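Please look over the briefing below alongside the sequence and the model. The points are grouped by topic.

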Amino acid sequence: MKKMKIVLIEDKPEEMVRAQRAVAGAISGTHLDIEMESFRMDMVPLEFVFERLEAMKDTLSGVITDLHFYPRVGHSGLDLATVRKLQQDPPPAGLAVVIWCVARGIPVVICTDSYHHGADVTWFNDVGLRAAFGDRGAPFSLSDACNDGGENWNVALANLVYLVNKRNEEGAE
């Protein structure tokens with residue numbers, strides 16, 4: 001397998017540590033050769049992430065993104081009350097990342113804690129993806145929560161590796 005270059009996008013520091021550990025474990029425990037870049041969305045503006053993704057799109061193998069995070073933006077002009085509301089109840093800003101990736105044919109996996117977000121995530125995964133992509137399958141997947149209530153980064157990474165391999169096989173035909 002050739003070297004994979006992946007990007008991790010997450011807003012919670014503890015989840016980013018878990019994501020990085022999952023990748024490190026996959027590298028040491030398997031034959032995977034992975035180069036990783038990560039963005040903590042509580043630290044960098046969304047515009048910066050898109051600029052970096054655009055700069056690396058030709059060498060990027062795939063992306064794993066959180067679904068709900070506060071999309072910190074450079075000079076958004078939002079008042080403080082609106083910013084605080086968005087921080088407390090983050091929108092599904094990860095969908096912007098999914099759209100960016102799908103539009104460029106880059107495999108992407110959403111890794112989210114779905115029990116925390118409820119029916120909107122279940123509908124998206126069970127109905128929305130099937131309706132949008134039918135039998136050919138979505139060019140991305142949604143990784144559900146793990147037993148301890150955190151995000152399941154091991155499953156997300158396995159899903160991403162599968163999607164990258166599938167894309168590479170289809171490209172070789």
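The cover over the buried residues of helix 2 includes strand 1 (4-10), strand 2 (34-40), strand 3 and helix 4 (94-103), where helices (H or I, at least four residues) and strands (E, at least two) are DSSP runs numbered from the N terminus. This is a predicted model, in which local features need pLDDT of at least 70 and side-chain atom pairs count only at pLDDT 80 or more, while totals for chains, interfaces and linings use all residues. Residues are numbered from 1 along each chain as its sequence is written, and side-chain values use heavy atoms, with hydrogens and water left out.

- In helix 2 (residues 46-56), the buried residues are Leu46, Val49, Leu53 and Met56, buried being under 20% relative accessible area, exposed over 50% and partly exposed in between (1.4 Å probe, protein chains only).
- These residues lie on the same side of helix 2 because they cover an arc of only 95 degrees around the axis, taken from the directions from the helix axis to the C-beta atoms.
- Glu51 and Ala55 are exposed, on the face of helix 2 turned away from its buried side.

**Strand 3**
- Thr65, placed in strand 3 (residues 62-65), counts as buried because its relative accessibility is 0%.
- Not counting residues up to four places away in sequence, Thr65 touches Ile9, Gly94, Val97, Val98, Val108, Val109, Ile110 and Cys111, with contact meaning heavy atoms within 4.5 Å.

**Helix 2 against helix 4**
- Helix 2 passes helix 4 in a right-handed crossing, that is, with the near helix turned clockwise from the far one by less than a right angle.
- The contact involves Phe50, Leu53 and Glu54 of helix 2 and Ala96, Val97 and Trp100 of helix 4.
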